[in-house]
Amino acid sequence: MPPYLETARAFDGVAGDYDAAYGPDGNAVMTWMRRESLAVLEATFPVGSRLLELGCGTGEEAVHLARAGRTVLATDVSPRMAAITAAKARDAGVDLQGVALPASGIAALHPGTPFDGVYASFGGLNCEPDLGAVARGLERLVRPGGAFVTSVMSRYCLFEVVWYLAHGRPGRAFRRWRRGWQAAPV
């Protein structure tokens, strides 16, 4: 996992505070985007679907989908993020596994039955340097006709800037311009 250590450490470092900044009570823009994303995921993957999540973060989507009748294996390059996901699942009383694994490492999985679909929300693949390995893993892990839903995120979000400025929070509006931002090649 050497090429992923820096990324894993970066996300491990913010894992404990991630929900405060990006969770349901932390960021109105992310809350709105998560609602939209979940609507797409629920429409794409019917109840009973077996799903693989790449880049689960703190498990908001995975726990929601598990509560709504899907089976989810949630992966993240960050061991702390995967652990938070597993803890949220336990607290929610859902059967969901959080596994520390970079997206390109999914070929190491042996689920027995192919997944009905895969998703990577909110830039789950932004920090992945080997998308070819991801594609090869998906080919083996997803049943024929299965769906793959993904999104990537830009560093800058005009809507977020306007939203926070309109709500009198210029520090939040321009936080992505500050020094020390972690660059992530796509």
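Predicted model: local features only at pLDDT ≥ 70, side-chain atom pairs only at ≥ 80, totals over all residues.

I started with contacts (heavy atoms within 4.5 Å): among those in the protein chain between residues at least 6 apart in sequence, 69% join residues at least 24 apart. Residues are numbered from 1 along each chain as its sequence is written, and side-chain values use heavy atoms, with hydrogens and water left out.

Next I looked up the secondary structure and got 7 helices and 5 strands; these are DSSP runs numbered from the N terminus, helices being H or I with at least four residues and strands E with at least two. The order along the sequence reads α-α-β-α-β-α-β-β-α-β-α-α.

For the box around the C-alpha atoms, I have roughly 50 × 35 × 30 Å along the principal axes.

Then burial: 42% of the 186 residues are buried (under 20% relative accessible area; exposed is over 50%, partly exposed in between, with a 1.4 Å probe and protein chains only).

Which residues of helix α5 are buried? In α5 (residues 131-141) I found A133, V134, G137, L138 and L141. Down the axis of α5 they fall within an arc of 135 degrees, so they line one face of the helix; the arc is that of the directions from the helix axis to the C-beta atoms. On the other side of α5, R136 and E139 are exposed. I also checked what covers the buried residues of α5, and the cover includes β1 (50-54), β4 (115-120) and β5 (142-150).
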